[in-house]
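Dear colleague,

Please find the structure below. My notes on it come after.

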Amino acid sequence: MEIKSKIKWSEYNKEIAEDHFFFLRSCIRQNFNPGAEKAFISILKNNLKKDIFDDARHTTCTGIGYHTDIVPFETMQTMIARQFSLMTEKGYKNCAVSCITSFGSYNEILSTWKEFPEELAKTRDYLKKATGREFEIPENLSHGCDIIYKFRKEIAAQSNYKLINIETGEPLKIVDHIGCHYSKIFPEKGVGGFEYSKVLTEMIQAWGGQPVDYPERRHCCGFGFRQYLVKSNRSYSISNSRKKFESMEPFKPDAIITNCPGCNMFLDRWQYTLAQIEGKTYGGGTNGIPVFSYEELAGLILGYDPWKLGLQMHQVDVEPFLKKIGVRYDPELKFVGINGKYINEPLFTGCLK
Amino acid sequence: MIKNKHVAIIGGGIAGMEAAAVLAKQGLKVTLIEKEAITGGKLNDWHHLFPDFFSPKTVIDNLIAKTNHSGVNVVYNTEISKIEKLNGRFELSDERDTKFYSDAVIIASGFRLFDATLKEEYGYGIFDNVITSVDFEKLMKTEGKLLTAQKTEPKRIAIIHCVGSRDAKTGNTYCSKVCCITGIKQAIEINKILPDSEIYCFYMDLRLYGLNFDSLYLHAQKQHKIQFIRGRLSEIAERFDKSLQLKTEDTLQGRPLRINVDTVILLIGMEPGASNNLFTKNNKVTIDENGFMKPINMHENRNSSTHDGIFLAGTVICPMAVNESIENARAAAFEVISYLEKNKL
Amino acid sequence: MIEKSIIIPFLIGLIYLSIIFIYRFTKWIRGLSKLDKLRLMQSLKSRRFMLSLKEIFMEGLLHHKIFLKNPILGYMHMSLAFGWFLLILIGHIEVMCAKNSIFVPFHLAIFFRYFETTKNFAFSGVFSFLMDFLLLFVLSGVCMAMLKRFKKQMFGMKRTTRLKTGDRIALISLWLIFPLRLAAESMSANLHGNGSFLTSTFGNFIGNSGSETANFIFWMLYSFSLGFFFIALPNSRYMHIFTEMLFIFVRNAGIKLKKHNNTFTDIQVYSCSRCGLCLDNCQLATAGINNTQSVYILKNIRNKNLTDEQLFNCLLCGKCEVDCPVGINTIDLRITQRIESTLQYNSSYSYLEDIPAQKADVVYFAGCMTHLTPGIISSMKKIFQMSGENVWFMDEEKAPCCGRPLMQAGQYEAASKLIFNNTKKLLGSNAKKLIVSCPICYKVFKEDYELGKMEIVFHAEYILQLIKDNVIKVNNSNERIIYHDPCELGRTMNMYDEPRSVLQETGKLIPVKNEKQTAWCCGGSLGNLKISQEERTILRNQAVEDYLQYKPDILATACPMCKKTFARHREIKVLDISEIITNSISKPTEEKITKQKTKNKIHENEFV
Amino acid sequence: MNDFSYLKPASRQIDFDKFDDRLLLYVLKYELSFATCISCGGCTATCSAGNLTNFNVRKIGLWLRRGETEKLSEEIGKCMFCGKCTLICPRDINIRNVILLIKKRISMLKTEKEMP
């Protein structure tokens with residue numbers, strides 16, 4: 001680890017690759033936000049004209065297993081080594097990571113290998129035995145939000161919509177939530193460090209919105225594997241989210257933007273549970289606060305069709321937000337899947353309560 | 001010059017002796033009036049001084065040497081009860097009407113030990129195995145070992161902090177400052193002579209004000225296995241076998257706690273000297289609401305009493321440790337010298 | 001007809017007053033429980049009826065109890081009450097003689113001088129002299145009452161009640177009645193010469209300016225003042241005049257205050273005349289507490305604005321009950337209000353388990369307070385050793401409280417749970433004797449526990465018995481001892497002599513001015529829940545300074561609470577009776593006690 | 001509908017601006033000495049009810065300070081009013097009065113709730 005010089009985190013800018021990314025998908029992002037990763041690839045390829053390779057053979061980084069003590073550290077190192085071997089095979093040097101937890105795992109493994117070279121040697125040996133593969137350490141490992149942050153201006157330039165309330169002309173108040181594994185494990189791996197990480201806020205500002213700094217901004221969203229997966233701990237999870245909502249409510253935010261699939265899912269789903277248990281919603285009236293991932297928001301302002309982005313699968317309905325920024329959408333097609341097949345509605349619809 | 005000036009010092013404790021020695025070295029005539037048969041005051045019954053187990057005997061011997069060397073005239077077995085001011089000089093007299101005349105007076109009559117029988121629920125004077133920290137020091141000084149009244153080695157010892165201090169029920173709401181560190185020192189001493197005994201200190205707050213007091217506290221916990229329980233003792237009852245049952249609360253656990261111990265040591269606080277209100281009767285020396293002598297200015301000049309020409313030294317002003325008492329006495333001596341020079345009549 | 005009109009204000013007042021009285025009296029009597037009504041009816045037929053009449057005469061009219069305490073005050077009350085009564089009585093007889101028939105209009109006597117201008121009826125001279133004399137007698141009382149209101153020290157009273165507007169109006173109107181009557185009768189005497197020595201002297205003092213109209217005006221004013229007084233009376237302190245009579249009848253019928261408010265409480269509340277006699281001896285005044293004394297509590301109960309701060313700020317020492325000339329049980333009345341105020345939060349104490357009792361001849365119940373004075377416990381243990389009886393120290397480890405402090409806080413129902421739990425254990429031990437060393441426990445065991453044949457013995461009685469059977473040999477150290485009567489033992493349980501006779505055996509008992517019934521309260525009472533520690537210190541110092549005048553070597557007491565309270569005063573040595581006994585026993589057989597140990601150590605093996 | 005009853009979303013953090021101080025203010029108004037409590041535990045140590053059940057006088061004070069009204073109403077009934085705690089308290093706090101005031105205030109709040 002390089003010696004931490006006395007730099008002010010807010011001025012710190014990490015180095016993000018320019019082009020030629022090897023895409024490392026998330027296990028769960030597609031389950032909760034079905035259109036997110038597809039949008040990310042499409043934005044990079046079509047809008048930004050970048051080269052991003054999505055290799056069908058790459059698998060999980062075993063992050064969830066590792067954090068719930070099921071997957072041993074050596075297995076994770078070997079799995080990640082295999083990912084890199086696929087990347088080397090295809091001749092790529094830069095990785096684009098979709099999930100925050102795996103971003104944390106990849107960085108953890110990379111720094112382990114740097115500090116303990118014998119671990120690297122051991123992993124090479126394991127991979128050789130298991131798959132006969134060789135691998136190189138990537139030159140640059142960035143998260144999807146870093147890349148979108150890097151080209152936020154280009155996206156703004158091509159965007160059809162602004163994060164501005166079309167009636168009042170006021171910039172929309174967007175709350176940013178940074179996944180903990182993005183910059184709290186390795187502060188130097190986050191844009192602007194972890195205290196005032198600006199990777200999402202810069203996007204919001206670039207796209208016309210206004211970031212909101214509320215007291216519990218850096219508090220955990222409540223995912224926490226062990227908290228959520230073990231039923232008796234689940235109250236910790238919901239009470240964390242509740243604390244964030246209570247704290248942001250006075251600021252009346254229009255939306256929440258996240259860069260991790262876990263935070264996105266919990267901040268979105270728990271609003272429904274809280275409405276059921278405590279009968280309280282935080283978006284005013286019976287509305288919740290819609291939760292977007294950065295790709296979805298980027299896609300939205302670039303004019304992608306909301307239903308193609310999979311926004312209908314969100315727990316908190318996004319229609320009020322779409323009205324605010326003036327996106328045209330066809331309500332009938334909300335639950336019409338590909339080739340017109342009706343994917344039937346969830347049990348109840350219409351905001352939260 | 002002030003050479004022929006005469007200063008009378010009431011109280012031959014460490015403060016009185018130090019002030020006398022310093023003044024005498026400056027060439028003044030000094031009379032040191034002590035009510036007991038020997039000087040040194042309460043330090044005579046002390047075994048070790050905190051925090052470094054320094055021997056009080058050396059302190060007293062050095063002081064005695066200093067006072068003799070500088071020619072202080074020491075008067076024993078006389079207890080001054082009245083100070084009169086006659087045309088600029090002071091007349092000190094005791095019950096047997098022996099009179100002393102001086103140009104200035106230093107009151108260094110010290111403090112009085114809190115009478116632990118007043119805290120009846122702690123059973124001092126009723127249960128034999130309840131002793132005070134002073135009794136313990138005497139025991140260590142004379143016999144060098146700690147035994148229960150049944151002449152057996154105590155397995156468990158409890159040290160009780162804040163007995164007679166910070167307690168409205170005894171009328172003393174101030175903190176006597178030196179008992180916490182004394183308790184820790186005595187706990188270490190007990191552990192040294194009874195290595196396999198269990199020692200518990202019951203405290204409300206540990207006020208370790210001195211520089212290396214805390215390190216002694218950590219040392220006591222780590223090396224000497226002294227255990228500290230945060231809870232105030234409410235009452236002691238004697239079991240059939242003369243062991244003592246303590247009722248307190250472990251406030252950090254939030255549950256009442258009952259413990260049987262063989263010996264209880266009460267860390268008694270310092271009270272204003274009995275003679276304090278004697279001196280206030282006929283002249284303008286005043287005492288503060290706790291009963292200690294009131295200096296004219298607590299910050300700039302703690303050694304001058306509210307009566308011109310009468311000075312204060314040592315624990316008569318407030319609870320003090322040995323080192324503070326001696327330094328305070330030196331300061332008092334200097335005040336006397338500048339007072340005498342000022343009005344050289 | 002106009003002359004008749006002077007009666008109208010008087011009549012209006014009288015009718016209003018009688019309606020109120022009839023309404024209230026019937027309400028009160030009907031409000032009594034069936035049993036009490038029966039008792040009342042019985043008492044009217046029995047000898048007690050005469051007893052009540054005698055008491056009404058002695059107290060209602062002569063104010064005999066006030067006389068005993070303070071003759072001047074007694075005279076003042078008597079002159080007003082008895083004088084006015086005679087004025088009415090003889091006035092009626094005079095009218096009967098004048099009209100020489102038994103049946104005369106009752107109002108005539110009041111305005112006799114106005115209507116009957118001539119003096120030509122039998123003994124008219126004697127009557128008018130008598131009437132004038134009685135008027136003078138009453139007027140003397142009125143003047144003294146006025147004087148007292150402003151110069152109370154002259155009457156030997158430290159404090160008088162602070163009167164509210166209702167009382168003040170009634171007071172002034174009462175003061176006006178008799179001077180106006182004098183003026184009216186003198187006016188008539190001046191015109192018709194029907195006055196006697198007093199009224200005629202005043203009559204000719206008016207001289208010739210008198211006229212019929214002036215006479216009429218004065219008599220009208222007199223009638224107005226009477227009417228006004230009768231209207232003001234019902235909600236003023238003078239309601240006490242008639243209510244006390246009813247109270248005397250009800251009390252003599254043996255009816256007692258219940259543990260809840262009923263009409264008997266109202267009778268007692270309305271019979272308080274707010275005379276303020278209960279103020280002087282109330283120690284709280286010295287601590288600057290001047291609004292919680294019984295007279296103010298009774299007023300607040302009547303006006304239904306009683307606050308907890310007043311209700312619970314009383315030492316329950318019982319001194320005001322001793323002083324009250326009307327005989328109101330101020331303590332029980334206050335306790336009943338405390339019961340009512342804390343009714344909703346009586347606890348269930350469901351956590352009390354049944355700890356098996358230990359069989360023994362004698363059970364010793366030390367009580368909560370005694371655990372904080374281990375000196376008493378260790379002395380009692382030594383005494384039990386000497387008595388050689390098989391004693392079970394019931395609450396050595398743990399036991400619920402005896403329940404008395406809870407009762408003093410008004411929670412009787414909750415206390416009954418503790419009493420039930422303790423009673424089961426006590427009866428379980430089937431001991432013959434229960435010994436207590438705390439008077440607070442002694443009272444509750446004696447009065448509220450049903451322990452069958454088990455004898456409840458206070459430790460002083462037990463020690464006295466042991467000395468009499470010379471199981472304990474005590475040496476008289478003729479130290480100067482003062483005995484402080486604990487309120488709960490003295491005034492409440494009337495035990496004054498046993499502790500004294502024990503102490504006489506061990507030292508020189510010095511009588512003090514404030515002892516027995518008028519003893520000080522140490523200020524530590526559990527009865528007072530609101531008093532601050534500084535105020536308690538003032539009360540304690542007052543008692544201790546009084547005791548110190550007698551230069552005692554030891555202040556003896558028989559209550560752990562008194563001992564604990566006095567012990568905080570540095571200049572007095574306090575010991576419980578049991579400690580004095582154990583000290584005085586050990587003297588001969590033990591070498592001189594070393595100076596520094598104030599409590600004597602007893603070598604156990606000596607007594608085994 | 002799925003049952004969320006097992007979830008307790010409220011956080012254990014004391015929210016100082018929102019705790020129910022009606023009891024505390026009432027007690028401090030009539031027994032100001034309570035403000036000087038340093039939670040030394042002398043009262044719990046000597047408590048007679050504390051011998052018989054898990055009643056803790058010191059905790060009553062702590063709960064009072066942080067508005068734990070439900071816990072107070074459950075526990076306060078266990079006190080036997082024997083007054084030993086008041087005799088021990090080094091700060092001379094009239095604890096017996098504090099208990100009475102709490103009981104009074106709780107019953108007042110109950111009746112207020114029942115009133116329409």
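Predicted model: local features only at pLDDT ≥ 70, side-chain atom pairs only at ≥ 80, totals over all residues.

Residues are numbered from 1 along each chain as its sequence is written, and chains are lettered from A and ligands numbered from 1 in the order in which they are written.

Chain A is divided into domain 1 (17–144) and domain 2 (159–340); such bounds come from an automatic or database domain assignment. The C-alpha centres of the two domains of chain A lie 25 Å apart. Between them, 25 residues of domain 1 are in contact with 26 residues of domain 2 (contact: C-beta atoms, placed from the backbone, within 7 Å). On the domain 1 side, α1 (29–32), α2 (36–47), α3 (63–67) and α5 of chain A each supply at least two residues (helices are DSSP runs of H or I, at least four residues, numbered from the N terminus). The largest share, 7 residues, comes from α5(A). By class, that side has 11 nonpolar, 12 polar and 2 charged residues (nonpolar: Ala, Val, Leu, Ile, Met, Phe, Trp, Tyr, Cys and Pro; charged: Asp, Glu, Lys and Arg; polar: the others, Gly among them).

Helix α5 (residues 100–115) of chain A also meets helix α4 (residues 73–89) of chain A: their axes come within 10 Å and cross at roughly 100 degrees (axes are lines fitted to C-alpha atoms over the stretch in contact, with angles from 0 to 180 degrees between N-to-C directions). The two helices α4(A) and α5(A) are therefore roughly perpendicular (65 to 115 degrees). A:Met76, A:Gln77 and A:Ile80 of α4(A) make the contact with A:Ser105, A:Tyr106 and A:Ile109 of α5(A). These residues divide into 4 nonpolar, 2 polar and no charged.

The contact between chains D and A takes 6 residues from chain D and 11 residues from chain A. The chain D side has 4 nonpolar, 1 polar and 1 charged residues.

Regards

Terms used: Parallel < 35°, antiparallel > 145°, perpendicular 65-115°, else oblique. Contact = placed C-beta atoms within 7 Å.
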